[in-house]
Amino acid sequence: MGVTVLPDLGTEILIPVCAIIGIGFSIFQWMLVSKVKLTSGSAASNNSGGSGKNGHGDYLIEEEEGINDHNTVLKCAEIQNAISEGLDDVIANLQQIQALLMVLESLLLTSCFLGEWLAMKYTSSFWKGHILDCATSFLFTEYQYVGIFMIAFAILIFVFLGSVKGFSTKSQPCTYEPLKFCKPALATAAFSTIAFVLGAVTSVISGFLGMKIATYANARTTLEARKGVGKAFITAFRSGAVMGFLLAANGLLVLYIAINLFKLYYGDDWEGLFEAITGYGLGGSSMALFGRVGGGIYTKAADVGADLVGKVEMNIPEDDPRNPAVIADNVGDNVGDIAGMGSDLFRLICRVLFSVGIIVCLLTTLFATDFFEIKAVNEIEPALKNQLIISTVLMTIGIAIVSWVALPSSFTIFNFGTQKVVKNWQLFLCVAVGLWAGLIIGFVTEYYTSNAYSPVQDVADSCRTGAATNVIFGLALGYKSVIIPIFAIAVSIFVSFSFAAIDNAGGIAEMAGMSHRIRERTDALDAAGNTTAAIGKGFAIGSAALVSLALFGAFVSRASISTVDVLTPKVFIGLIVGAMLPYWFSAMTMKSVGSAALKMVEEVRRQFKTIPGLLEGTAKPDYATCVKISTDASIKEMIPPGALVMLTPLIVGIFFGVETLSGVLAGALVSGVQVAISASNTGGAWDNAKKYIEAGVSEHAMSLGPKGSDPHKAAVIGDTIGDPLKDTSGPSLNILIKLMAVESLVFAPFFATHGGLLFKIL
């Protein structure tokens, strides 16, 4: 399948210009965030007068309540510096992977984490000794394995694709223009291998930048919360903008440079060029899978163990330093939430639309930080919702302009060997319908996961009768939340198919010397961050469905499959097996978290029983043992799920052929999307139901609390069950369906030439 459209000079200029604008804007936002200083002197001077933005004065809450302590600022600086220094060493050794999706959520969550830990009156040596050690023990070991995988898979790509034409260096007839000669298959093998490595390296750089920005900004967000929720929101949002724009622009620029360098060899052989560049997406996505699964197992094993023993059995606060599992939990939050999220940057995207998206997001960001003011806690979620609406409207206008300026009035698409003439306005509708489907998915996700609406409140109310009814209500909520998103995706696919065949695009506190009111503000940001996370996961899942469908169409075309008939036995058996894969994958990751959590619970219980003075706070826990449990479990358990995803297309393609593989991809796509939405929304609802009870902002919520009550304990149990669903299995499934699709696309020529060995023998 191909399009007879060549990029013009204006398009070639637009892409790097937008990327540079994105990088420049991120630097500007960085400068604004950097004005928040982590020194007591600057804090004092900053608080000296004037009324601040968003209706809040610059005085600190502690000053208002007569308990101001500038040592708090120094503690923030100590913690942030220790974390930052530790991550420098970690990432330098580890090759950390990218973090683009849900960057705002990551910033909000990590700022809340830092606020909690200001309660610890520990020294810098504590942080350097524990955080650096546990992060290094996990990440360095993990990426030793991943590094071996990268080398082995790069060799596999070259050998398999090079063997398609017997490692011939002769030019070959082009697929869509047989009278024209394209570059040899060996060249495609070599350039695909280079693109694969480049995608992985880009992922590494993105991970480094993302982690540095997050650890730099979380302390500043917490300190700004002392002045008001508006200032904390702006700092968090600007920090998220730094991360988002820098990583997006960096990825776009690298992809642009790679394509233009490849073009020096390929010339006007666009078919070979874009076949080779698919390796870029495979490299980034494969790294993201291991990071998501490994990081998810690490943090959720510690999280479940810390919550069940600490909060339910021992009745101590969340992130209390007396809990032996708390260090592993919070380091895992940085590793899992920031480092493992989002391979979406590394997929085959329409570069022009992505460029326009940078400009649209720039304008949308200004609405949140400069045009509108956040004056109260209850304005945070509406502000984030407005971001979705504004960006969707502006992007629709941008798509219309691109369709009119960058595309001819009509052009030809090759679909399953036949030609279809498509108008530019038809392609605009295809992209726009995917964009608005994403908005619908976002709204539905918010409705089912925000504690401002009845579904989550009903889940919280079910905690009155214990954990069992909480689990039942939560599962029902997750299943029900699938309905509207699936209809939205189905409509967008139908419209795209009707207008442009399959060539569619998806748009898709308890603090040291600090007031409890600051904790309330960081909790508000945390709750908003949970909802933002759920919405981001909804976008990622919907996007994964549409992108995987486009990749599926490309695979079918590249593998020279004329039709995909589900009544054919080869296809149907693949369909059934593919539909089973998300369940198999989820079972692996869920059991991995459960097994590690079991060991963690036993260890935490042992320490509370055998270490005198631990519960009273006069003795320190053995953090290292808990860290080792999470580290060993994540390293051991990330390999089977990763192998399942990476080996399935190879085994099916080699032994059963491209027809069966097409069925596997279709089945995994259909069931994977629904399992992912259900898992993410169920876990998000349980999490926010717990926070709804803890916040006690309504009469209904107060009747269920306070912390430590039976309904609250039931809610904590539901939250711990949902943790691996929303942070390990669910988010990993969107990577699964995309990674299998892009891997099949990369190896399609090999499967078409040498695949189906069993059927050939039989």
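Threonine 720 lies in helix 22, where helices are DSSP runs of H or I with at least four residues, strands are runs of E with at least two, and both are numbered from the N terminus. Threonine 720 is buried, with a relative accessible area of 5%. Here, buried means under 20% relative accessible area, exposed means over 50%, and partly exposed is in between, using a 1.4 Å probe and protein chains only.

Keep in mind that this is a predicted model: local features need pLDDT of at least 70, side-chain atom pairs count only at pLDDT 80 or more, and totals for chains, interfaces and linings use all residues. Residues are numbered from 1 along each chain as its sequence is written, and side-chain values use heavy atoms, with hydrogens and water left out.

**Around threonine 720**

- What does threonine 720 touch, leaving aside its neighbours within four places in sequence? It is in contact with Val304, Asp307 and Leu308, where contact means heavy atoms within 4.5 Å.
- Threonine 720 and glycine 683 sit 37 residues apart in sequence, and their C-alpha atoms are 8.6 Å apart in space.

**The whole protein**

- The protein has 23 helices and four strands.
- Of its 762 residues, 61% are buried.

**Salt bridges**

- Side chains of opposite charge can pair when their charged atoms come close.
- A search of the whole structure turns up twelve salt bridges, each being a side-chain nitrogen of Lys or Arg within 4 Å of a carboxyl oxygen of Asp or Glu.
- Back in helix 22 (residues 710-754), lysine 726 and aspartate 723 are three residues apart, about one turn of the helix.
- Lysine 726 and aspartate 723 form a salt bridge, with their closest N and O atoms 3.8 Å apart.
- Lysine 726 counts as buried because its relative accessibility is 8%, and aspartate 723 is buried too, at 2%.
- Salt bridges that share partners link Asp687, Lys690, Lys691, Asp719, Asp723, Lys726 and Asp727 into one network.
- Arginine 558 pairs with glutamate 275 in a salt bridge whose closest N and O atoms are 3.4 Å apart.
- Is arginine 558 buried or exposed? With a relative accessible area of 12%, arginine 558 is buried.
- Aspartate 461 makes a salt bridge with arginine 464, and here the closest N and O atoms are 2.8 Å apart.
- Aspartate 461 is partly exposed at 30% relative accessible area, and arginine 464 counts as partly exposed at 44%.

- Which residues form a nonpolar patch on the surface? They are Ile389, Val393, Ile397, Ile401, Trp404, Val405 and Trp436, with about 720 Å² of accessible area together.
- Patches are made of residues with over 30% relative accessible area and no salt bridge; like charges are joined within 9 Å, and nonpolar side chains (Val, Leu, Ile, Met, Phe, Trp, Tyr) within 5 Å.
- Helix 12 (residues 380-405) gives the patch its largest share, six residues.
- Valine 393 lies in helix 12 and counts as partly exposed, at 38% relative accessibility.
- Glutamine 387 lies in helix 12 as well, but glutamine 387 is buried, with a relative accessible area of 11%.
- Not counting residues up to four places away in sequence, glutamine 387 touches Phe237, Thr364, Thr365, Phe367 and Ala368.

**Helices 13 and 14**

- The axes of helix 13 (residues 424-449) and helix 14 (residues 454-461) come within 5 Å and cross at roughly 25°; axes are lines fitted to C-alpha atoms, for helices over the stretch in contact, and angles run from 0 to 180 degrees between N-to-C directions.
- So helix 13 is roughly parallel to helix 14, given that angles under 35 degrees count as roughly parallel, over 145 as roughly antiparallel, 65 to 115 as roughly perpendicular and the rest as oblique.
- Tyr447, Tyr448 and Thr449 of helix 13 make the contact with Ser454, Pro455 and Val456 of helix 14.

**Positive phi in loops**

- Most residues other than glycine have a negative phi.
- Phenylalanine 167 is not a glycine, yet its phi is positive, about 55°.
- You'll find phenylalanine 167 in the loop between helix 6 (124-162) and strand 1 (172-173).
- Serine 560 has a positive phi near 60° and is found in the loop between helix 17 (516-558) and helix 18 (569-610).
- At 62% relative accessibility, serine 560 counts as exposed.

How values were computed. Accessible areas come from the Shrake-Rupley method with a 1.4 Å probe; for residues, only the protein chains shown count as cover.
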